[in-house]
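Subject: Structure handover

Hello,

Here is the structure we spoke about. Please open it first, then read the notes below.

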Amino acid sequence: MAKDRLHVRLPRAGPMAPAERCGLCRQTFFCGRGHVYSRKHQRQLKVALERLLPQVEAARKAVRAAQVERYVPEHERCCWCLCCSCEVRKHLSHGNLTVLHGGLLEHLASPEHKKATNRFWWENKAELQMKEKFLISPQDYARFKKSMVKGLDSYEEKEDEVIKEMAAQIREVEQSRQEVVRSVLEPQAVPDPEEGSSAPGSWKGTNSQVASISQQPSYLDLPPAPELDWMETGQPLTFIGHQDTPGVGNIHSGATPPWMAQDEEYSSGNQQIGPSYEEFLKEKEKQKLKKLPPDRVGANFDHSSSTGAGWLPSFGRVWNNGRRWQSRHQFKTEAAARNKQSHKEKKLMIS
């Protein structure tokens, strides 16, 4: 019977493929190289390439016409290179100047980026027609360098023109200011009311007046000027009289301002303004007690009341020394004495 038994051999399980991590799908798979052909992987690859493609196309447009601008902090932005798995600066800055898309073009034209792009296309099985869109040939990069030199020259010319315009505006403002000052300082002729024209002698008179004024001492050494006659006929203003109070003075003459002067009723004594320090402490203590619960033990206790030495509770003899049975007998004796005394008082009241 043993010879008639059939031996069935089960197929052995092959070795499991090692775990691999897909950066595009962000998951771990065990199916080996077959994962790159899956629909999910191809969809994620297409989305990632379409996200990078607009930035590369904008950089390609700058190959023939490089743009140079003044440096601003926004030019420090970076973009993620999907093939090299690293961040790349989009613009090329030096000093206070920035060449737009210069950093990205320099990276796309580097041999390291070309090797990484070939490896990325081979590992992820991307479309071969799209690989040339993410590469910059050396000829295109040389053309970009020439256009960058032209852009720098044109930028310097524009800056020179702006500086010249600003200098012309400054000269115009300075010239107008000097004309205004000159027109104020130049002596003007006094017109003759009878002839309607200025006589030669009037210029001499004004010049002599200017010379005499310049030779006079400063206004600090001059005596006080006499008061003008405001009641003179022909004046458009009305004189309402002097408002100075005699013997009082004002703030211009060094007197004490009225809002700082002491009142007569308070000048005799030093009256304190506001509550005293003790009242302030009492009020502060009341505010603290208001925050406590109103039904607490001892809330209505008057701390200012006078208490004797026997105010502590005497029940149970907790404050006495000795044994508990002695305290119990003493408590009973005192209770009996109190009852006897109260009984006598009741009899006296009845009688």
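Helices and strands here are DSSP runs, numbered from the N terminus: a helix is H or I with at least four residues, a strand is E with at least two. The model is predicted, so local features need pLDDT of at least 70, side-chain atom pairs count only at pLDDT 80 or more, and totals for chains, interfaces and linings use all residues. Residues are numbered from 1 along each chain as its sequence is written, and side-chain values use heavy atoms, with hydrogens and water left out.

Salt bridges

The structure has four salt bridges. The term means a side-chain nitrogen of Lys or Arg within 4 Å of a carboxyl oxygen of Asp or Glu.

- E174 pairs with R177, with 2.5 Å between the closest N and O atoms. Both sit in helix α4, three residues apart, about one turn of the helix. E174 is partly exposed at 33% relative accessible area, and R177 is partly exposed at 46%.
- D140 pairs with R143 at 2.7 Å, N to O. These two also lie in helix α4, three residues apart. R143 is partly exposed, at 40%.
- E159 pairs with R70 at 3.1 Å, N to O. This bridge links distant parts of the chain: E159 is in helix α4 and R70 in strand β3 (residues 68–70), 89 residues apart. Relative accessible area is 24% for E159 and 43% for R70.

On the exposure words: buried is under 20% relative accessible area, exposed is over 50%, and partly exposed is in between (1.4 Å probe, protein chains only). The areas come from the Shrake-Rupley method.

Charge patch

D153, E156, E157, D160, E161 and E165 form a patch of negative charge on the surface. Patch residues have over 30% relative accessible area and no salt bridge; like charges are joined within 9 Å, nonpolar side chains (Val, Leu, Ile, Met, Phe, Trp, Tyr) within 5 Å. Asp and Glu count as negative, Lys and Arg as positive; His and chain ends are not counted. Each charge is placed at NZ of Lys, CZ of Arg, CG of Asp or CD of Glu. D160 lies in helix α4 (residues 138–185). Its relative accessible area is 42%, so D160 is partly exposed.

C22 is buried, at 6%. C86 is in no disulfide either; the nearest cysteine sulfur, in C84, is 4.8 Å away. C86 is partly exposed, at 28%.

Best wishes

Methods:
Accessible areas come from the Shrake-Rupley method with a 1.4 Å probe; for residues, only the protein chains shown count as cover. A disulfide is a pair of cysteine sulfur atoms within 2.5 Å.
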